[in-house]
Amino acid sequence: MAGPLGLSLAPYIRSSPTLTKLFTPVAKWYAGGSLYRQYGLLYDDLLIEERPEVQKALSRLTPREAYDRAFRIKRASHADVLHEPLPRELWTKPEQDIRYLLPHVETVVEEIKEREKWDTLEVKRTR
Amino acid sequence: MLASSVRLARRSFATVVDTAGLKVAALDANQPTVAITILAKAGPRYQSKPGVAHALKNFAFKSTADRSALGTVRESELYGGVLSSTLSREHLALTAEFLRGDEQYFVDVLASVIASTEFHRHEFEELVLPTIEGEVNALHADPATHAIELAHALAFRNGLGASLFAAPHTPITAEDVAQFAAQAFSKGNFAVLGTGISQSALSSLVSNALAVDSNAPKPPTTTASSYFGGETRVETHGTPQTIFIGFGAAGAPAPELAALAAYLDPNPSVKWARSASPMLQAEKTSVQAVYLPYSDAALVGLLIQAPTAAAVREAGKAAVAALKGTSGVKTEELKSAIAKAKFRLASSADGRAGVVEVLGSKVLTGASETSLEASLSALDKVTSAGFTKAATSLVKSKPTYVALGDTQSLPYADELGL
């Protein structure tokens, strides 16, 4: 239920083919309806970055990915100041909206969990 | 008399080629600990890009398909084992040292390191690059190592001349390291050496754990070494004034050169004793005889360090005189030099690292004779005439001269009579 970035029903829905079938069009409609694509952002640009896991993940982006992210955020901020979405040709297309940051966040969370596991390990002698 | 009366315990260092085509050698002298080394022909000599061997050395024991970098360290700590990787100009050694009984786990760790290290970009940037940087900084703080590095670059240029260290801001990437690792740990390019474990136990463990990928890339290649020589001067601050005077020879290192290095060594055999050698007359001067044998070349020389350039100059003049004055070697001097060289070889092969150093390269080249006796008896056969001939032909070649420190006042090679 709880993903690295908070509660999420997505894994549960994805695990059931019926629910997936039911929810996919709704999800697509919802994502298209949220304005972030009209401002040229990707979904992962919206992840709350004021947390250590995401900060660490951001440090692991390639220079190109980091530059593009900064550019998109700057462009969206500017559009926001103008109180107007970007021109239609600059909107993020659904196929461009990839999760470039989430895999890194998940790796970092795994690492933190593993470190906790080793730090609190109880050693039992078996032989 | 001296040499023949020393009886050596027979060390059998058998080599087998097991089914997977791996070279496995083991030496069990009933030690309380076991050490298993994977020795690959993956030193800087074989590297495809400058510094990639150094990066691979530091990439050892990072995330593999089986366990993460942290998991490897913590689990090995629970077993009380030590994992290390060392780099020489020709070989990369991944070593696990542990208590008897834990062989299964540590062979598994080594196998997963060479077969399935994942070479993540973030590990390269977060874990590997800082260690590379630290080692490069340590190199620049140690003029002796730095001088030997520069001497190799002058003496052999490519191949053996490649530095053990990556450049401070190396352009290599994790993918480069992954490619080099695939080559380095390809079939026939590495051997497994064990101490404190029987040959059969090691063979069976290794053949179970290590499946050599038959469609792995070809092993890295190198060209035969040749000796060039030359002079370089590097300005450094706050370090002892250092010069290196050396000569190199291509071809398999002759035992005469080992005897020559032992003959040149001015240090007394007794601690705190004052040497009568003219090289060590100035206060706080240190002179080390350097003998670095490789598979197809050798570097012999003297490394001189002193607080002042004037002291270095005096010792340097004496060192050049000693290097050029080997023709008048007395029989008893030669005998003691040979005994010294033999003792050094034998005592270095006493420790675990020495076993890997002395015998590992022989195992890797597929030499049939892998015992220590062969090297020792070769030293016994050194004659006065052969010694003089080898020494004079060595000194005839162009010298390798490195000056490190206050280059304004350190002597030039021609000022020392080279």
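In this predicted model, helix α2 (residues 52-59) of chain B packs against helix α7 (residues 174-184) of chain B at an angle of about 85°, and their axes lie 9 Å apart. The two helices, α2(B) and α7(B), are therefore roughly perpendicular to each other. On the α2(B) side, the contact is made by B:V52, B:A55, B:L56 and B:F59. From α7(B) come B:D176, B:V177, B:F180, B:A181 and B:A184. Eight residues of this contact are nonpolar, none is polar and one is charged.

Stay in chain B for B:V113. This residue lies in helix α4 (residues 103-116) of chain B. Is B:V113 buried or exposed? The cut-off for a buried residue is 20 or more other C-beta atoms within 10 Å. B:V113 has 24 C-beta neighbours inside 10 Å, so it counts as buried. Leaving aside residues up to four places away in sequence, B:V113 touches B:A60, B:F61, B:T64 and B:L94. B:S85 is 28 residues from B:V113 in sequence, and their C-alpha atoms are 11 Å apart in space.

B:K389 has another setting. It lies in helix α14 (residues 384-396) of chain B.

Now turn to chain A. Helix α5 (residues 102-119) of chain A has 18 residues. From its first C-alpha to its last, α5(A) reaches 26 Å, close to the 26 Å expected at 1.5 Å a residue. Which residues of α5(A) are buried? They are A:H104, A:V105 and A:V108.

Last comes the place where the chains meet. How many residues of chain B are in contact with chain A? Six residues of chain B are in contact with five residues of chain A. Helix α3 (residues 69-79) of chain B gives the most to the side of chain B that touches chain A, contributing four residues. By type, the residues on that side of chain B are two nonpolar, three polar and one charged.

Terms used
Residues are numbered from 1 along each chain as its sequence is written. Chains are lettered from A and ligands numbered from 1 in the order in which they are written. This is a predicted model: local features need pLDDT of at least 70, side-chain atom pairs count only at pLDDT 80 or more; totals for chains, interfaces and linings use all residues. Axes are lines fitted to C-alpha atoms, for helices over the stretch in contact, and angles run from 0 to 180 degrees between N-to-C directions. Angles under 35 degrees count as roughly parallel, over 145 as roughly antiparallel, 65 to 115 as roughly perpendicular and the rest as oblique. Two residues are in contact if their C-beta atoms, placed from the backbone, lie within 7 Å. Ala, Val, Leu, Ile, Met, Phe, Trp, Tyr, Cys and Pro count as nonpolar, Asp, Glu, Lys and Arg as charged, and the others, Gly among them, as polar. The expected span of a helix is 1.5 Å times one less than its number of residues. A residue is buried if 20 or more other C-beta atoms lie within 10 Å of its own, exposed if 12 or fewer, and partly exposed in between; C-beta atoms are placed from the backbone.
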